[in-house]
Amino acid sequence: MSRRVKEFVDVENHVSIDDLIHKLTEIRDGLPEAAAAELRLRGDEIFGHRITISYFRDQTAEEAEVEQRYADASREAKERELARLQAELGVVCYAAPGKRGKLRIVA
């Protein structure tokens with residue numbers, strides 16, 4: 001399962017209009033298909049302004065591997081914590097047997 005990652009590109013504040021057009025054209029040509037790119041002006045008077053372009057790209061194999069490793073570790077930690085709490089309380093969680101009916105609201 002591959003998910004999409006949001007990527008950001010910042011364009012510096014003080015560039016000539018020709019350099020800006022050239023830079024934006026390069027970025028547009030390098031975007032993956034169906035990237036859903038959007039351009040925003042960010043910043044303020046104190047820290048300066050910048051142009052930020054965000055777009056979605058497919059996750060790389062390395063990123064997917066790292067994410068899977070952390071997801072597995074997180075799941076295992078949650079399972080250990082649940083087992084510890086169940087042992088501490090002496091309670092075992094299980095699905096209730098039998099058929100469950102749907103809730104009906106009668107006015």
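Me: What makes Arg 75 and Asp 72 a salt bridge?
Reply: This is a predicted model. In it, the side chains of Arg 75 and Asp 72 come to 3.4 Å, N to O. The cut-off is 4 Å between a side-chain nitrogen of Lys or Arg and a carboxyl oxygen of Asp or Glu. The pair therefore counts as a salt bridge.

Me: Where do Arg 75 and Asp 72 lie?
Reply: Both are in helix α2, 3 residues apart, about one turn of the helix. An α-helix has 3.6 residues a turn, so residues three or four places apart point the same way.

Me: What makes Glu 88 and Arg 84 a salt bridge?
Reply: Their side chains meet at 2.9 Å, N to O. That is within 4 Å, so the label holds. Glu 88 and Arg 84 are 4 residues apart in helix α2, about one helical turn.

Me: What ties Arg 57 to Glu 7?
Reply: A salt bridge, with the closest N and O atoms 2.6 Å apart. Arg 57 lies in strand β3 and Glu 7 in strand β1, so the pair ties together parts that are 50 residues apart in sequence. Glu 63 joins these two in a network of salt bridges. A search of the whole structure finds 9 salt bridges.

Me: Is Arg 57 buried or exposed?
Reply: Arg 57 has 16% relative accessibility, under the 20% cut-off, so it counts as buried. Glu 7 has 26%, so it is partly exposed.

Me: What makes β1 and β3 a pair?
Reply: At least two bridges are needed. Strand β1 (residues 4–11) and strand β3 (residues 48–58) share 8, so they qualify. The sense is antiparallel. In this pairing, Asp 10 stands opposite Thr 52 in β3.

Me: How do you know that β2 pairs with β3?
Reply: Strand β2 (residues 38–44) and β3 share 7 antiparallel bridges. Two would be enough, so this is a pair. Glu 38 stands opposite Ser 54 in β3, and Gly 43 has His 49 as its bridge partner. β2 and β3 form a hairpin with 3 residues between them.

Me: Which strands are the edges of the sheet?
Reply: The open sheet has 3 strands in the order β1-β3-β2, with antiparallel pairing. β1 and β2 are the edge strands, each pairing on one side only. Neighbouring strands are turned by 30° against each other on average, direction ignored. Helix α1 packs on this sheet and touches β1, β2 and β3. The direction of α1 makes about 165° with that of β1.

Me: What makes the largest nonpolar core a core?
Reply: Its members must be buried nonpolar residues joined through side-chain atoms within 4.5 Å. Val 11, Leu 20, Ile 27, Ile 51 and Ile 53 make up this one, 5 residues in all. The elements giving two or more residues are α1 (17–30) and β3. Beyond its neighbours within four places in sequence, Val 11 is in contact with residues including Leu 20, Ile 27, Ile 51 and Ile 53.

Me: How many residues of the protein count as buried?
Reply: 11% of its 107 residues.

Notes
Residues are numbered from 1 along each chain as its sequence is written. This is a predicted model: local features need pLDDT of at least 70, side-chain atom pairs count only at pLDDT 80 or more; totals for chains, interfaces and linings use all residues. Side-chain values use heavy atoms; hydrogens and water are left out. Buried means under 20% relative accessible area, exposed over 50%, partly exposed in between (1.4 Å probe, protein chains only). Contact means heavy atoms within 4.5 Å. Axes are lines fitted to C-alpha atoms, for helices over the stretch in contact, and angles run from 0 to 180 degrees between N-to-C directions.
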